[in-house]
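Hi,

Here is the structure I promised to pass on.

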Amino acid sequence: SGGHGLPGGSGAAAASPRRPRRAGRGRGLEIRTRSVEQTLVPLVSQITTLINHKDKPKRSDKTLQAIQRVGQAVNLAVGRFVTVGEAIANENHELKEEMSVACIEARRAGETIAQLTDVASLDHPESDSHITIFTDKTGVVKAARLLLSSVTKVLVLADRIVIKQIITSRNKVLATMEQLEKVSSFQEFVQIFSQFGNEMVEFAHLTGDRQNDLKDEKKKARMAASRAVLEKCTMMLLTASKTCLRHPDCESARINKDGVFHRMRLALEQVIEIVTDSRPNGENEMAPISIYSGIKEFKVRVEGLRENLYFLSKENLSTMLEVILEHTEDFTDSAYTSHEHREHILELSKQAKMELEQLVSVWMQAQNQKTKDLMEDLEVAILKTCQCMNELKREVHSAATSLAADLLKYHTDHMVLKALKITGVEGNLEAVAEYTCKLSEQKEQLVEMCRLLRHVSGTEPLEITCIHAEDTFQVTGPQIISAAETLALHPSSKIAKENLEVFCEAWESQLSDMSLLLREINDVFEGRRGEKRVYLSLPRPGKHNANLKALKPVKLDTEEQAKIAKLGLELHLLTSDVDSETEKWEDQENEIVQHGQGMSSMAYSMYLFTRGEGLLKTTQDLFHQAEVMYF
């Protein structure tokens, strides 16, 4: 019972794991991060165990002791948790009042649960005047609701502080960027860029933690894309700014530098949009629908006719098909789609319209007269329509992926980039102009490839990665051209040469990422993988742990405290639950017992970390241990 299901869950909780979405009646308590959700899961599990106990269980000493131990563990863990919450409240005055109220409520509810579960010393709980879980189940339910509501509120308020830290960090980066844009001497630039580097590392860590904590895979992919832009642009900003300082009157060098600053500002803005869950001017982001998602939704509606003939109109289905077929024009109008693919897509589009006409005809008849023959005809029409859409899906997939494979193979030698570097160093402006035209053509091909791949990517995170790749080619192409023009005008300039190298490397890196993306799109299509997290070419979490301590301001300790508190709450609940569960199995060589004892041991290691002891040395070790426990 207790060894599987939720971590730290008992049989009752594991059978019906309810993950809380909102706490109490307060607005704005939606849980958007895994750390908050995973902190609440063991607490829900414990409380469910208490509430779902049999009204008249076997009153053995072990049962009474287990109930009391769970109640006390909940109270102690909540007490420690609330202490950290109160410390956070004292350091963040704008949240102090809300946080203090939530902490008081949590402490009160924890104490109530401890009192109601104080049953171990009772031989006959029913006849005793002392109110307990056996005599006042309603009281336990009320206390449990209050506890979950208040603990969730504390966690969500603490999460707001993390968001505030990211916004503060972004503002520091923006302010330093403005200084970098205005500098006129190398010495001043070097000093400010050093500060900028430290601020970017801090921002990268804060946003990296947030990315890994987000529950929404789409937001996670968007965050990964923005962070990849910032990572690559940091080096571009260095060389582009140095080139501008070395050649202050060069127009192409200024254009090159301005492009980098603009792109970084957009990426910083997108990170804040994701973190705060907002859009400028309150607008909603409407990503254009892909052919895959359109076909998927269309088939769901068509197959729904088996259950209900009246839940949608024929106009609704016709409109859905029209939208899908409009998107196939991206393929049929493309200069890069082969003649064979174009013909097949047009044929299947025509066939899809005919199949839908036939389906609508039978469907309308079946609405008036539900005979056995008509229902059989409807089933055939549904199958034929869905089969046609599957063939269309396979055809556009083949068209997009074969084009991508050909283009990536063709451009692996990077001939145009090599030629730009050579002719730039030679100062051959005419040859540079010729190769920049070729690069522009290559950019158009690759942008078109990304647009077509987006239609067949199969998952929202992969769609976002395609959009990011398209943006990267759109922006990096002109930046390579301005860097090459600068070098051609100043052929002996080492910094101009280095600057062109950096932009060419970014282009090559994106082409390399496209090969991985193409493989992943094919894997999803063939059903070899489900939704996969896309991190692009970001550094691994914890890569900079060694120098992080020096760069983090003291303020960030609160965030770490909050995270440790969350884990501390979990592991105390977890170990008490494991203890009470394994007692039931102590006479058996049981896999569940062994698994439970292993988890208990891991939890103890994590507890030692919170005291500065044991084998876990860094926060990354701690989070890794938490992942091992859950996955």
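**Charges on the surface and between helices**

Let me start with a negative surface patch, which Glu322, Glu326, Glu329, Asp330 and Asp333 make up. Aspartate 333 sits in the loop between α10 (314–332) and α11 (339–368). Its relative accessibility is 60%, so aspartate 333 counts as exposed, the cut-off for that being over 50%. Keep in mind that this is a predicted model.

Now the overall picture. The protein chain has 20 helices and zero strands. Of its 631 residues, 50% are buried. If you take the contacts with a separation of 6 or more, 76% of them are between residues 24 or more positions apart. The accessible surface is about 31100 Å², and carbon and sulfur atoms hold 50% of that.

On to the salt bridges, where the count comes to 21.

- Glutamate 181 and arginine 265 pair through their side chains, at 2.5 Å from N to O. Glutamate 181 belongs to helix α5 and arginine 265 to helix α8 (residues 251–276), so this bridge ties together parts 84 residues apart in sequence. Glutamate 181 is partly exposed, with a relative accessible area of 28%, and arginine 265 is partly exposed with 28% too.
- Lysine 219 and aspartate 277 form a salt bridge at 2.6 Å, N to O. This one also links distant parts of the chain, 58 residues apart: lysine 219 is in helix α7 (residues 217–246), while aspartate 277 is in the loop between α8 and α9 (291–304). Lysine 219 has a relative accessible area of 18%, so it is buried, because the limit is under 20%. Aspartate 277, at 36%, is partly exposed.
- Glutamate 251 and arginine 254 meet at 2.5 Å, N to O. They are three residues apart in helix α8, which means about one helical turn separates them. Glutamate 251 is partly exposed at 47% relative accessible area, and arginine 254 is partly exposed at 35%. There is also a network of salt bridges here, linking Glu251, Arg254 and Asp258.

Lysine 172 is partly exposed, with a relative accessible area of 32%. Its C-alpha atom is 10.0 Å from that of glutamine 195, which is 23 residues away along the chain.

Cheers

Definitions and conventions:
Residues are numbered from 1 along each chain as its sequence is written. This is a predicted model: local features need pLDDT of at least 70, side-chain atom pairs count only at pLDDT 80 or more; totals for chains, interfaces and linings use all residues. Side-chain values use heavy atoms; hydrogens and water are left out. Helices (H or I, at least four residues) and strands (E, at least two) are DSSP runs, numbered from the N terminus. Buried means under 20% relative accessible area, exposed over 50%, partly exposed in between (1.4 Å probe, protein chains only). Contact means heavy atoms within 4.5 Å. Accessible areas come from the Shrake-Rupley method with a 1.4 Å probe; for residues, only the protein chains shown count as cover. Patches are made of residues with over 30% relative accessible area and no salt bridge: like charges are joined within 9 Å, nonpolar side chains (Val, Leu, Ile, Met, Phe, Trp, Tyr) within 5 Å. A salt bridge is a side-chain nitrogen of Lys or Arg within 4 Å of a carboxyl oxygen of Asp or Glu. Lys and Arg count as positive and Asp and Glu as negative; His and the chain ends are not counted. The place of a charge is taken as NZ of Lys, CZ of Arg, CG of Asp or CD of Glu.
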